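This note reviews a single structure for a reader who is new to the subject. Please keep the sequence and the model at hand while reading the numbered points.

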Amino acid sequence: MIEPVMYPGVFITFEGPDGSGKTTQIKRLAEWLRERGTEPILLRQPGGTALGERIRAILLDSRSEEALGEIAPLSELALMFADRAQSIRQVILPALAEGRVILCDRYTDSSEAYQGAGRGLGTDRVLAVHRAVCDDLQPSLTVLLLPDVEQALKRARRRNERYKQQHDGADENRFEAEGEAFYRRVHDAYAAIAEREPQRVALIGPGTGDDGIEAIATRVREVVAERLAAARIGV
Ligand code: TYD
């Protein structure tokens with residue numbers, strides 16, 4: 001098992017259902033860190049490496065099913081982890097060894113929520129693949145944005161429409177085309193992860209007193225600053 005504490009860097013992941021506002025919050029946090037003299041490494045999964053971007057295109061463009069036939073749930077899981085293994089090797093471990101702060105948009109919790117719960121492959125199977133393929137590398141901190149299901153679905157649909165208009169009909173819609181039941185499973189799986197691993201996972205969402213972009217950004221900064229202080233990175 002790779003323990004992040006063995007490295008001087010800090011590995012922070014951002015999680016949440018589609019439309020949870022992760023991208024906005026990552027941008028805000030990155031700006032805040034830069035203002036304080038820390039240039040973060042930004043990464044997204046799937047993607048973030050040359051191989052990963054190709055895997056991303058296969059996985060996320062809903063038109064790929066026409067060309068490729070249905071992607072089997074286990075193929076989907078394996079592709080997600082092929083992407084992850086590549087970014088661990090090419091980006092995450094070298095950055096951690098250099099003492100950098102990594103902000104990663106999605107990681108294994110996404111596979112647990114989407115493939116494990118959404119597609120019904122089960123948490124145990126996903127975590128077994130994680131141990132085998134990622135050497136069980138865990139983030140130092142996971143910021144989980146978990147808004148209300150209905151609200152998140154609305155935002156995800158709006159965003160996908162915008163993307164389609166700008167990208168000549170191509171969409172990132174394969175996941176977002178899933179029905180509400182799928183999203184409820186994803187949502188509940190995230191809530192269960194937060195409950196299971198309160199040390200690693202900072203849950204931010206309705207009911208935790210954090211509402212609106214500003215309040216969430218403030219809360220994200222607080223939890224991140226705390227974790228960086230523990231790693232002796234001053235901000
Ligand atoms: P992305 O456009 O990055 O979504 P968002 O901006 O909402 O984060 O697309 C990532 C999609 O891939 C998203 O629907 C979740 C899905 N996904 C999985 O199903 N499993 C995984 O392991 C990962 C990393 C992503």
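The points below treat the salt bridges, then the cysteines, and then the surroundings of the ligand.

1. The structure is a predicted model. The values discussed here should be read with that in mind.

2. Salt bridges as a whole. Side chains of opposite charge can pair when their charged atoms come close. In this structure, 12 salt bridges are counted.

3. Lys22 and Asp105. These two residues form a salt bridge whose closest N and O atoms are 2.7 Å apart. The pair joins distant parts of the chain: Lys22 belongs to helix H1 (residues 22-35), Asp105 belongs to strand E3 (residues 101-105), and 83 residues separate them. Are the two partners buried or exposed? Both Lys22 and Asp105 are buried.

4. Glu76 and Arg119. A salt bridge also connects the side chains of Glu76 and Arg119, at 2.7 Å from N to O. Glu76 is in helix H4 (residues 73-97), while Arg119 is in the loop between helix H5 (108-118) and helix H6 (123-134); the pair therefore ties together parts that lie 43 residues apart in sequence. Glu76 has a relative accessibility of 1% and so counts as buried. Arg119, by contrast, has a relative accessible area of 21% and is partly exposed. The cut-off for buried is under 20%.

5. Arg200 and Asp109. In the salt bridge between Arg200 and Asp109, the closest N and O atoms are 2.8 Å apart. Arg200 sits in the loop between helix H8 (180-196) and strand E5 (201-204), and Asp109 sits in helix H5, so this pair ties together parts that are 91 residues apart in sequence. Arg200 counts as buried at 8% relative accessibility, and Asp109 counts as buried at 7%. The two residues also take part in a network of salt bridges that links Asp109, Glu112, Arg196, Glu197 and Arg200.

6. Cysteines. How many disulfides are there? The count is 0. For Cys104, the closest cysteine sulfur is that of Cys134, 11 Å away, which is too far for a bond because a disulfide requires two cysteine sulfur atoms within 2.5 Å. Cys134 is likewise in no disulfide. Cys104 is buried, its relative accessible area being 0%, and Cys134 counts as buried at 2% relative accessibility.

7. Residues around the ligand. There are 18 residues around the ligand, and those that come nearest are Asp18, Lys22, Arg106, Ser111 and Gln115. By class, the shell consists of 5 nonpolar, 5 polar and 8 charged residues.

8. Which distances separate polar side-chain atoms from oxygen atoms of the ligand? For Ser111 the distance is 2.5 Å, for Asp18 it is 2.8 Å, and for Arg84 it is 3.0 Å. On its own the ligand has 550 Å² of accessible area, of which the protein covers 95%. Two or more residues of the shell come from each of H1, helix H2 (50-60), H4 and H5. H5 gives the largest share, with 4 residues.

Note on methods
Residues numbered from 1 in each chain as written. Predicted model: local features only at pLDDT ≥ 70, side-chain atom pairs only at ≥ 80, totals over all residues. Heavy atoms only, no water. Salt bridge = Lys/Arg side-chain N within 4 Å of Asp/Glu carboxyl O. Buried < 20%, exposed > 50% of the residue type's maximum accessible area, 1.4 Å probe, protein only. Near = heavy atom within 4 Å. Polar contact = N/O pair within 3.5 Å; in protein donor to acceptor, adjacent residues only side chain to side chain. Areas by Shrake-Rupley, 256 points an atom, 1.4 Å probe, with all protein chains shown as cover. Nonpolar A, V, L, I, M, F, W, Y, C, P; charged D, E, K, R; others polar.
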